[in-house]
Amino acid sequence: MRTISENRAFGGVQGVYAHDSDACGCEMTFGLFLPEAAQEEPVPLLWYLSGLTCTHENAMVKAGAQAWASEHGIGLVFPDTSPRGAGVADDEAYDLGQGAGFYVNATEAPWAPHYQMWDYVAEELPRLLFNAFPVEEELQAITGHSMGGHGALTLAMAYPGRFRSVSAFAPIAHPAASDWGRKQFTAYLGPDEAKWAAHDATLMMKKRGFDGPLLIDQGTSDQFIDLLMPEAIAEAIARRRQPGRIRLQKGYDHSYFFISTFMEDHIAFHAEALFA
């Protein structure tokens, strides 16, 4: 692992680091904010998974999360959204290839050699973090935006007991039924839709639900709301009688202005679960 940068922020340190990834077969970059409390003892860790076209940097710079994380004594990790590099398969479209890993393990050519984002986020990056930094493995929570909201919800439901809480900003809630999902799942996982179910938050909610607090914020003026399908996961939550909150925020769109507006709420929500 190498240090790209470390900057003082809100009493803590915002770092950016790179390492050779066995899962993705290339160098991967992530951001990690450690509050001042981490100088004394390991701190809880909140994962933030970003959306289409983003890198580790978008949320790190635009979400305003460090101020609230520092106040609560929580670390923040910002993984990248895909493998990258000259030898990594890509596509001319913004919603496939580099910047659009969809947090799945690809099984199809040409994606399979590098696009193992599920293993990277679920297994490899956690091992690195807990070995190298003062973050507490037993105190984790997860959130994300859009494609990252899809990733946060599916990871939280796939690993019962790992995450104390889960939240999402405008998640791709039912990718198996949306053009933001069907295209990518076909490319990465193949045409057998049975293989898609483990990466669809609505289908996973119907099957197993989540064993902790859940919060979803969705802007009513989101320009992509028809692709996100918040009504699908709302129905699944209601049918399962899953404890949780879905908030429709009047007039908000899909941008980081929306995310930064409600980031304080989300970090407070996770802090309540992490320090319970």
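**Reading the model, feature by feature**

Modeller: Let's start with threonine 81, which has its place in the loop between S5 and H3. Keep in mind that this is a predicted model.

Colleague: Is threonine 81 buried or exposed?

Modeller: The idea is to look at relative accessibility, where anything under 20% is called buried. Threonine 81 comes out at 0%, so it counts as buried.

Colleague: What does the side chain of threonine 81 reach?

Modeller: The backbone oxygen of glycine 99, at 3.5 Å. There is also a polar contact of 3.3 Å between the side chains of threonine 81 and arginine 84. If you set aside neighbours within four places in sequence, threonine 81 is in contact with several residues, including Ser50, Cys54, Phe102, Tyr103 and Met147.

Colleague: Which way do strand S2 and S3 run, and how many bridges join them?

Modeller: They run antiparallel, and 9 bridges join them, with S2 spanning residues 12-21. To find your place in that pairing, look for alanine 18, which stands opposite threonine 29 in S3. S2 and S3 make a hairpin with 4 residues between them, and glycine 25 in the turn has a positive phi of about 65 degrees.

Colleague: How many bridges join S3 to strand S5?

Modeller: 4 bridges, again with an antiparallel run, and S5 is residues 75-79. Here glycine 31 is opposite phenylalanine 78 in S5.

Colleague: Now the rings. How do I read an aromatic pair?

Modeller: You describe it by the distance of the centres and the angle of the planes. Searching the whole structure turns up 15 aromatic pairs. One of them is tryptophan 111 with tyrosine 115, an edge-to-face pair at 5.3 Å centre to centre with 90 degrees between the planes. Tryptophan 111 also pairs with tyrosine 188: the centres are 5.5 Å apart and the planes are at 85 degrees, so this pair is edge-to-face too.

Colleague: Where in the chain do tryptophan 111 and tyrosine 188 sit?

Modeller: In distant parts, 77 residues apart: tryptophan 111 is in the loop between S5 and helix H3, while tyrosine 188 belongs to helix H5. Tryptophan 111 is buried at 6% relative accessibility, tyrosine 115 is buried at 1%, and tyrosine 188 is buried at 0%.

Colleague: Which residues form one aromatic cluster?

Modeller: Phe169, Tyr252, Phe258 and Phe262. Elsewhere, a ring meets a charge: the charged end of arginine 162 sits over the ring of tyrosine 159, 4.1 Å from its centre.

Colleague: Last one: where does helix H9 bend?

Modeller: At phenylalanine 262, by about 45 degrees, within a helix that covers residues 256-274. The buried residues of H9 include Phe258, Phe262, His266 and Leu274.

Methods
Residues numbered from 1 in each chain as written. Predicted model: local features only at pLDDT ≥ 70, side-chain atom pairs only at ≥ 80, totals over all residues. Heavy atoms only, no water. Pairing = 2+ DSSP bridges. Helix = DSSP H or I, 4+ residues; strand = E, 2+ residues; numbered from the N terminus. Bend = angle between axes of the 7 residues up to and from the residue. Buried < 20%, exposed > 50% of the residue type's maximum accessible area, 1.4 Å probe, protein only. Phe/Tyr/Trp six-rings, centres within 6.5 Å; stacked < 30°, edge-to-face > 60°. Lys NZ or Arg CZ within 6 Å of the ring centre and 35° of its normal. Polar contact = N/O pair within 3.5 Å; in protein donor to acceptor, adjacent residues only side chain to side chain. Contact = heavy atoms within 4.5 Å.
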